[in-house]
Amino acid sequence: MIYPKIPLAQTVVQLCKAKNIKHIIISPGSRNAPLTIGFTNDRFFTCYSIVDERCAAFFAIGIAQQLGEPTAVVCTSGSALLNYYPAVAEAFYSNIPLLVLSADRPKHLIGIGDGQTINQKHVFEKHILYSANLKLDLKDEKNIPPAQELPIMKNLENKLERFLGLQKDIQIYNEEELNVAINYAIHKKGPVHVNVPFDEPLYETETALSIAPKLVDIQRKLIQLDDYTIMECLDTWVSAQKKMILVGSNAPNAIEQKWLDELDKDDSVIVLTETTSNINHPNFFSSIDQIIAPLTEKEQKELQPDLLLTFGGLIVSKKIKALLRKFQAKAHWHIDEISANDTFFCLSNHLEISPNTFFEIFLPRITHYAKSNYKEHWTSVKKHRLEKHAQYLNELPFSDFKVFSALVKSLPANSILQAGNSSTIRYLQLFKLNKTIQVFCNRGTSGIDGSTSTAIGCAAINTKPTIFITGDLSFFYDSNALWNSHIPSNFKIIVINNGGGGIFRILPGHKNTDNFDEFFETKHELTAEHLCSMYGFDYLKALNENELSDHLKSFYKKSKQPRLLEIFTPRVFNDEVLLDYFNFIK
């Protein structure tokens with residue numbers, strides 16, 4: 001086997017292997033050549049070459065999101081590293097394990113005007129679980145160019161022994177830092193950064209390892225609830241007549257069905273789920289905005305829970321956040337092994353345990369349910385909303401709303417749905433999805449910058465077909481995502497092109513002015529057709545309801561190339577259709 005000659009590169013590669021990090025996304029460069037040589041010459045790793053670092057990092061998120069284990073990204077020195085930042089922030093707020101490996105210049109070449117050189121240490125300071133800055137060798141630590149002799153060698157007896165001892169200390173330091181960083185990514189579920197300095201020559205290889213790095217793992221400490229906490233929770237639970245459970249994003253099948261069924265038995269409990277929660281139950285409330293958007297202030301007050309219990313990731317619905325901040329629960333528990341956000345400004349208890357474990361401990365100890373009509377009342381509201389929802393669709397012209405209704409019905413069972421941000425994920429919240437469909441969206445920072453890349457990363461490691469639904473601005477913003485030779489033929493993209501950022505027409509502002517069109521909605525006349533031609537996608541377009549219906553009959557079928565369906569909707573009245581909807585379903 002071929003190995004990079006530089007011991008530090010060998011150390012990084014071998015510890016990644018020992019930690020079972022298999023997927024390595026490499027952006028081409030020279031300074032990272034030792035790492036590239038090490039990873040690509042070992043069949044243990046699956047390596048991907050993606051030129052654009054921003055796309056590469058979001059592609060890695062798509063893989064890590066599916067596997068639940070760290071994926072590594074490797075880049076050269078300089079501004080290349082900064083292009084990882086949007087994905088690092090997304091991984092940080094979405095609890096996605098990501099290992100950033102950045103090559104760097106040696107110390108004596110930093111701060112002297114050398115090319116492709118920036119201050120790389122701690123560059124992600126506020127959005128990283130751990131930063132490891134590795135050491136090259138003894139000379140580099142003393143900031144001495146390779147051609148100069150170490151001063152220590154001039155004035156010490158037993159020079160060689162002393163030198164080897166100090167060099168061994170550097171190797172031990174590097175191994176410790178690498179072990180700590182990767183362990184953080186694995187156990188704390190988030191991004192870590194390892195900065196790796198290399199000096200030239202960079203491309204030399206050898207056929208045997210010169211190092212044997214020590215693997216250090218950690219055993220996760222099992223946190224258990226003490227009896228006092230359980231009894232305190234039971235007292236609060238039993239006395240609360242209105243209990244609301246609000247579920248954010250979750251991996252599919254993360255919560256055992258028996259606990260969901262148990263929660264459904266309690267008339268004082270309503271469970272609000274988001275599209276990204278991947279929880280399906282006929283008696284839960286899956287379209288939150290559909291329920292609460294039409295409410296009067298008096299009705300919002302009636303919905304106010306005594307106890308709010310949350311688990312899962314960040315919440316999409318702005319409406320439920322606004323309501324629960326205005327009408328706060330008396331107590332708010334969040335169940336999560338790692339962290340808890342005080343999203344509603346009333347967090348009273350962070351239960352540092354998995355939801356399944358909590359329910360297993362807690363629910364069997366509930367001996368009686370509180371008398372309440374809380375669930376019954378809101379179930380009747382839900383029934384009314386669904387009836388009005390169906391009526392509204394029958395009267396609707398071709399628009400974004402009508403398109404999403406058709407798309408949700410067309411999605412094939414047992415597929416993966418990746419959703420773009422802004423309008424896309426919010427529209428999807430209004431419709432019931434087939435329970436076999438798994439849903440993902442980059443809701444850590446809710447940005448549009450890498451949705452396409454994430455969806456492609458997801459598709460690259462799945463046998464299930466992956467469908468990505470996105471808006472036009474999000475798609476064009478991340479169009480470099482298609483510059484990728486790892487896109488499977490069963491990957492499908494649906495672009496709803498309404499000629500701009502349609503979500504801004506829904507928000508308060510002065511619409512239909514030149515200033516609004518250019519600087520907020522960013523009106524455009526772009527299409528995806530030429531991109532599809534350049535990147536080898538089958539291209540379809542729909543300009544009306546009949547064309548959309550015809551294309552959806554065959555769009556999801558097997559094809560030799562990935563496919564893109566671009567749906568053109570009217571730009572100027574999509575907002576009116578959506579706002580009228582909430583009035584209609586009252």
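1. Two strands pair if DSSP finds at least two bridges between them. By that rule, strand β18 (residues 538-542) and β19 are parallel partners joined over five bridges, with Y539 bridged to L564 of β19. Strands here are DSSP runs (E, at least two residues) and helices likewise (H or I, at least four), numbered from the N terminus.

2. A word on the source: this is a predicted model, in which local features need pLDDT of at least 70, side-chain atom pairs count only at pLDDT 80 or more, and totals for chains, interfaces and linings use all residues. Residues are numbered from 1 along each chain as its sequence is written, and side-chain values use heavy atoms, leaving out hydrogens and water.

3. On to the other neighbour of β19. Strand β17 (residues 491-497) pairs with β19 in the parallel sense, over six bridges. I494 has L565 as its bridge partner, while V495 stands opposite E566.

4. Now have a look at β19 itself (residues 563-568): six of its six residues are buried, meaning under 20% relative accessible area with a 1.4 Å probe, protein chains only. R563, L565 and I567 point one way, and L564, E566 and F568 the other. In a regular strand the side chains alternate between the two faces of the sheet.

5. Stepping back, six strands make an open, parallel sheet in the order β15-β14-β16-β17-β19-β18. Its edges are β15 (438-441) and β18, each pairing on one side only.

6. Finally, helix α16 (residues 400-410) lies across β16 (466-471), β17 and β19, where contact means heavy atoms within 4.5 Å.

Key
Buried < 20%, exposed > 50% of the residue type's maximum accessible area, 1.4 Å probe, protein only. Axes fitted to C-alpha atoms, helices over the stretch in contact; angles between N-to-C directions.
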